[in-house]
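Biologist: Please walk me through this model feature by feature, with the general idea ahead of each case.

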Amino acid sequence: MCSMRGTFVLLCVSLSLLHHTKSQLPPEGDSLTECTDGYEWDVESQHCKDINECQTIAEACQGEMKCFNHYGGYLCLPRSASVITAPEPSSQSVAILPVESNEAFIPCPVGYDAQGEDCVDMDECVLDLHDCQPSQQCVNTVGTYSCQCPDGYSKIGIECVGETALSTSRFTFFIPLMRLFTLCLFSILSSSSLHYLRILPPLFRSLLPDIDECRYRYCQHRCVNVPGSFSCECEPGFQLAGNNRSCVDVNECEMGAPCQQKCYNTYGTFLCRCEPGYELGPDGHSCNDVDECSYSSYLCQFQCVNDPGRFSCICPEGYQLQGTRLCQDVNECETDIHQCGEGQTCINIHGGYQCTDSNRCREPYVHVSDNRCVCPVIKPECRDLPFSIVHRYMSITSERSVPSDIFQIQATSVYPGVYNTFRIRSGDDIGEFYIRQMNNISAMLVLARAVTGPIEYTLELEMVSVNPLMSYQTSSALRLSVFVGPYTF
């Protein structure tokens, strides 16, 4: 028995000497003193303590902003903002702190919860927000809590050890030795880190209660406690940093994010976006083509064609695209793409062209110049016919607004004492046109009703000239071919 007692004493003394020697230098691999950003290790409390950046960072807030310290960071608020300072601990059982209604809302001090406009004492013991050891009892106090040992236990280091924890009827003689060893061991652990547990045999290590390191906020996101150790985990979108405690953002866009077109990395996640002409699908990853043509019938003057990621406008035959959306008539007569033969004249109309005979004079008229025919007075049949006929051509669009002036008639010769009148001699059977005389020598042909093409009208407009002093009357005609195009452009 004496030999075994000497062995325990020697082990305890050896551990004490080892601790004394090791404490002169930082223990290798001891990372339990590392804290996340915004916290620093407090040697006295052996916990991570918040850093007051308002004191450590010069000019943390600029301009009219004032620095307010916050857990793990700080806030920049207007200088007119007010704060609620933490109350001094007192023996009174006052659990409610009033919040002045004229002050800006600031989170309650540590140990209190905001309920309406009041700060109510938080029961850390019930909410499991304390850091008492498993062998200790948590006792709530105003604004804080305390860790106490239950009856029959004594606090050794940071643990509570029962007076009869190791007593058995068979090994009663081990009690003083094990108590000495326990006192020695917890004395070492209470002033150092768990680094020294690694040098203990598994038999003695199993006699010690597990310490929940997760209570000390070693991990930035999630902490997983395991017997004798712990590990840190990160939320989705983050990964452990090199210190195995902090979490850094993962750039999913560089790691094969499922975005079909564009990927934008954000803090803790990513966003998928699409090229112009596409919209994001319901899954948030794929891009679907947008059918712009279905949104409006006014995107194109004639017809809209949807293409992947875009749309285009097309024009009917006889027209060409002007810009990106409008259609313009192609003048086939000027571009020499018509098929008019010899002795014919090419007449351009909306959406096409017409080939007409260069000489359109019919008996008894005689062709005297381009588009002009004359009926000689020496011919008896010319007595009741207009003296001359001039051929003209014009083209208008469909559904033209009415009434609309479309053609002006002008007398080419003016004689003193002659009065001229204008009329539609033929071609307007249903009254779609009328003549508006403007003065003695000119008149306007007016479209009276909207017409839809393609259709052709041949109107014979007559000017009758009368000289009452000489009892003289004559007339001349203008044969106008009006081509109505198939479209409104």
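Biologist: How many disulfides does the structure hold?

Modeller: A disulfide is a covalent bond between the sulfur atoms of two cysteines. Here a pair counts when the two cysteine sulfur atoms lie within 2.5 Å, and the structure holds 18 such links. Keep in mind that this is a predicted model: local features need pLDDT of at least 70, side-chain atom pairs count only at pLDDT 80 or more, and totals for chains, interfaces and linings use all residues. Residues are numbered from 1 along each chain as its sequence is written, and side-chain values use heavy atoms, with hydrogens and water left out.

Biologist: Let me try one pair. Which cysteine is joined to Cys-125?

Modeller: Cys-125 is joined to Cys-138, with an S to S distance of 1.9 Å. The torsion about that S-S bond is about -75°, so the disulfide is left-handed. Cys-125 sits in the loop between S7 and S8 while Cys-138 belongs to strand S8, so the bond ties together parts 13 residues apart in sequence. The element labels are DSSP runs numbered from the N terminus: helices are H or I with at least four residues, strands are E with at least two.

Biologist: What about Cys-132 and Cys-147?

Modeller: Their sulfur atoms are 1.9 Å apart, forming a disulfide. The torsion is about -90°, so this link is left-handed. It connects distant parts of the chain, from the loop between S7 and S8 to strand S9 (residues 144-148), 15 residues apart. For accessibility, buried means under 20% relative accessible area, exposed over 50%, and partly exposed in between, using a 1.4 Å probe on protein chains only. On that scale Cys-132 is buried at 3%, whereas Cys-147 is partly exposed at 25%.

Biologist: And what handedness does the link of Cys-214 and Cys-223 have?

Modeller: That link is left-handed, with -75° about the S-S bond. The sulfur atoms are 2.0 Å apart.

Biologist: On to charges, please. How many salt bridges are there?

Modeller: Side chains of opposite charge can pair when their charged atoms come close. The cut-off is a side-chain nitrogen of Lys or Arg within 4 Å of a carboxyl oxygen of Asp or Glu, and twelve salt bridges are found. One of them joins Arg-215 and Asp-128 at 3.6 Å, N to O. The two residues are 87 apart: Arg-215 lies in the loop between helix H4 (202-205) and strand S12 (222-226), and Asp-128 in the loop between strand S7 (118-121) and strand S8 (137-141). Arg-215 is partly exposed at 28%, and Asp-128 is partly exposed at 48%.

Biologist: Next, strand pairing. Which strand runs parallel to S28?

Modeller: Two strands pair if DSSP finds at least two bridges between them. S28 and strand S34 (residues 472-484) run parallel, joined by eight bridges; Tyr-393 has Ser-481 in S34 as its bridge partner. Strand S27 (residues 372-374) pairs with S28 in the antiparallel sense over three bridges, and Cys-373 stands opposite Ile-389 in S28. Seven of the nine residues of S28 (residues 388-396) are buried.

Biologist: Which residues touch the most other members of the largest nonpolar core?

Modeller: A nonpolar core is a set of buried Ala, Val, Leu, Ile, Met, Phe, Trp, Tyr and Cys residues joined through side-chain atoms within 4.5 Å. In the largest, with 20 residues, the answer is Phe-407, Leu-445 and Leu-480. S28, strand S29 (404-410), strand S32 (442-447), S33 and S34 each give two or more residues to this core. Beyond its neighbours within four places in sequence, Leu-480 has contacts (heavy atoms within 4.5 Å) that include Tyr-393, Phe-407, Leu-445 and Tyr-457. A second, separate core has nine residues, among them Cys-35, Tyr-39, Cys-48 and Cys-232.
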